[in-house]
Amino acid sequence: MASGSFVSLDELQRTSRPSTYGPGASGDVRPPRSAAMARQQPLPEEYRHLSPEELDRRIGEARAALGQRLVVLGHHYQRDEIVKHADFLGDSLKLSQLAAGRREAQYIVFCGVHFMAESADILSSEDQIVMLPNLTAGCSMADMASLPDVLAAWDQITARCGVDVIPVTYMNSAAALKAFCGEHGGIVCTSSNAAGILGWAYEHGRRVLFFPDEHLGRNTADRIGLDQAEVTVWDPRRLAESREALDAARLIVWKGFCSVHERFTVAQIAGARADYPGAVVIVHPECRREVVQAADASGSTEFIVEAVEAAGPGSVLAIGTEINLVNRLAAAYPDRTIFCLDPIVCPCSTMYRIHPAYLAWVLDNLMDGRVVNRIAVDSRTAGFARIALQRMLDVSAAPGTARERMAAVA
Ligand code: SF4
């Protein structure tokens with residue numbers, strides 16, 4: 001039987017939805033900035049000693065027993081031992097939308113990181129319960145922009161430049177930042193629609209404040225034809241310099257980065273091409289600008305999956321993204337040569353915190369009628385965040401390319 005501290009389902013229904021903090025979490029107080037501060041209770045001792053086979057058995061048994069009432073979501077960057085138990089595999093937005101479409105599923109177990117579970121909670125219905133198997137599974141990039149720092153930046157930027165600024169947050173951010181955008185005429189973007197979203201933003205304001213990823217911001221500026229001279233970095237640790245550079249800026253990018261994608265270099269691309277002449281290099285747009293420019297193509301995880309699929313037998317593909325996804329693609333397409341640009345293993349260390357033992361523990365508790373590790377965004381935050389997310393969905397569905405939008409407002 002499962003053990004550990006818990007709340008009963010009855011108790012959950014009686015109480016309001018509390019904020020649950022972890023890395024990348026939201027709320028009306030400052031969230032913890034490090035994984036060590038997250039409130040993950042120790043995994044009960046018995047789970048530490050279960051064999052992989054026993055963990056698989058327990059997870060399988062719980063999934064079978066809970067049936068349609070449960071949906072398990074697996075992000076592309078999860079390890080294989082988790083992915084094999086997922087009902088759906090995808091990127092964060094796709095998974096949240098899939099979960100929202102499964103209204104019969106009372107429980108959504110999100111094997112990803114904290115901001116993804118928050119988005120699933122925002123997009124799902126009131127009676128659906130979202131859980132993250134390990135609360136310390138955050139995102140180091142999302143943690144680089146806290147709500148207090150963004151509020152301080154906003155005050156200083158609008159004081160200097162006026163209110164003609166549109167805030168745009170990447171999907172990889174806490175719900176509180178999505179809510180900030182919803183409340184201030186802003187919007188959310190993903191790595192696949194960032195160009196169209198920036199085009200939309202320039203229809204509504206002269207400047208854009210983009211957070212938390214500097215590289216996605218710079219790479220998107222290139223895609224929409226914005227001059228890099230009009231891009232400046234907002235570094236919350238260097239406020240005076242950041243303020244000075246504002247006057248000429250049209251795009252203000254937050255000084256944040258993904259620790260996985262920042263590892264890729266131009267030298268690695270040159271090495272791959274030297275070893276495999278004719279190799280096609282595809283990288284994620286969270287990579288540095290010079291890396292994206294040196295690659296043959298760049299795009300979201302879904303884009304990378306589709307590009308590998310489309311490449312055809314015999315092709316050689318050097319990929320700049322998280323290693324679990326690259327290894328899975330290499331195993332799925334043995335007729336292609338697929339390898340990671342970084343010769344040293346580059347997993348997302350926070351994604352890796354979702355171990356099968358945590359998944360088994362969460363599901364065993366559900367079998368016993370207990371919910372553990374619930375991710376619940378308070379209703380005010382969820383309401384404004386939904387506005388920003390809905391704007392994104394509407395813009396993505398609208399006709400017109402980002403360049404066309406830019407041309408129209410230039
Ligand atoms: S790969 Fe990078 S952006 Fe994605 S969850 Fe990990 S740290 Fe965050």
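Predicted model: local features only at pLDDT ≥ 70, side-chain atom pairs only at ≥ 80, totals over all residues.
1. **Overall make-up.** The protein has 410 residues, and 51% of them count as buried. Its secondary structure comprises 18 helices and 15 strands. Consider contacts with a separation of 6 or more: residues 24 or more positions apart account for 70% of them.

2. **The four-stranded sheet.** This sheet is open, with 4 strands in the order β3-β2-β4-β5 and parallel pairing. Its edges are β3 (88-90) and β5 (129-131), each of which pairs on one side only. From one strand to the next, the twist averages 25 degrees. Strand β2 spans residues 70-75 and runs parallel to β3, joined by 3 bridges. In that pairing, G74 stands opposite L89 in β3.

3. **The five-stranded sheet.** A further open sheet has 5 strands, ordered β7-β6-β8-β10-β9, and again the pairing is parallel. The edge positions go to β7 (187-189) and β9 (231-234), each pairing on one side only. Neighbouring strands here are turned by 25 degrees against each other on average, direction ignored.

4. **A helix on that sheet.** Helix α7 (residues 147-161) packs on the five-stranded sheet. It touches β6 (165-170), β8, β9 and β10. The direction of α7 makes about 165 degrees with that of β8.

5. **Strand β10 and its partners.** On one side, 3 bridges join β8 (residues 207-211) to β10 (residues 251-254), and the two run parallel. V208 stands opposite L251 in β10, and L209 stands opposite I252. With β9, β10 pairs over 4 bridges, also in the parallel sense. L251 is the bridge partner of V231 there.

6. **Are the faces of β10 covered or uncovered?** Both are covered. L251 and V253 lie on one side, I252 and W254 on the other, and all four are buried. In general, side chains of a regular strand alternate between the two faces of the sheet.

7. **Strand β14, for contrast.** Strand β14 (residues 337-340) has one covered face, made of I338 and C340. T337 and F339 make up its uncovered face. The strand runs parallel to β13 (residues 316-320), with 4 bridges between them. On the uncovered face, T337 has V316 standing opposite.

8. **The nonpolar core.** The largest nonpolar core holds 127 residues. Which members touch the most others? They are I108, F110, V168, I187, I197 and V208. Helix α16 (residues 356-367) supplies the largest share of this core, at 8 residues.

9. **F110 up close.** F110 is one of the core members that touch the most others. Leave aside its neighbours within four places in sequence. F110 is then in contact with L73, M116, A117, A120, V130, M131 and L132. L73 falls within the β2 range, residues 70-75. V130 and M131 fall within β5 (129-131).

10. **Helix α9.** This helix (residues 194-204) is mostly covered, with 9 of its 11 residues buried. The buried ones are A194, A195, G196, I197, L198, G199, W200, A201 and Y202. Among them, I197 is also one of the core members with the most contacts to other members.

11. **H215.** This residue sits in helix α10 (residues 214-224). Why does H215 count as buried? Because 23 other C-beta atoms lie within 10 Å, and the cut-off is 20 or more. Not counting residues up to four places away in sequence, H215 touches F257, E286, C287, R288 and R289. H215 and P285 are 70 residues apart in sequence, yet 7.0 Å apart in space, C-alpha to C-alpha.

12. **The ligand shell.** How many residues surround the ligand? There are 13, and the closest are C139, M141, C258, V260 and C348. By class, the shell has 8 nonpolar, 4 polar and 1 charged residues.

Notes: Residues numbered from 1 in each chain as written. Near = placed C-beta within 6 Å. Nonpolar A, V, L, I, M, F, W, Y, C, P; charged D, E, K, R; others polar. Core = buried A, V, L, I, M, F, W, Y, C linked by C-beta atoms within 7 Å. Buried ≥ 20, exposed ≤ 12 C-beta atoms within 10 Å, placed from the backbone. Contact = placed C-beta atoms within 7 Å. Pairing = 2+ DSSP bridges. Axes fitted to C-alpha atoms, helices over the stretch in contact; angles between N-to-C directions.
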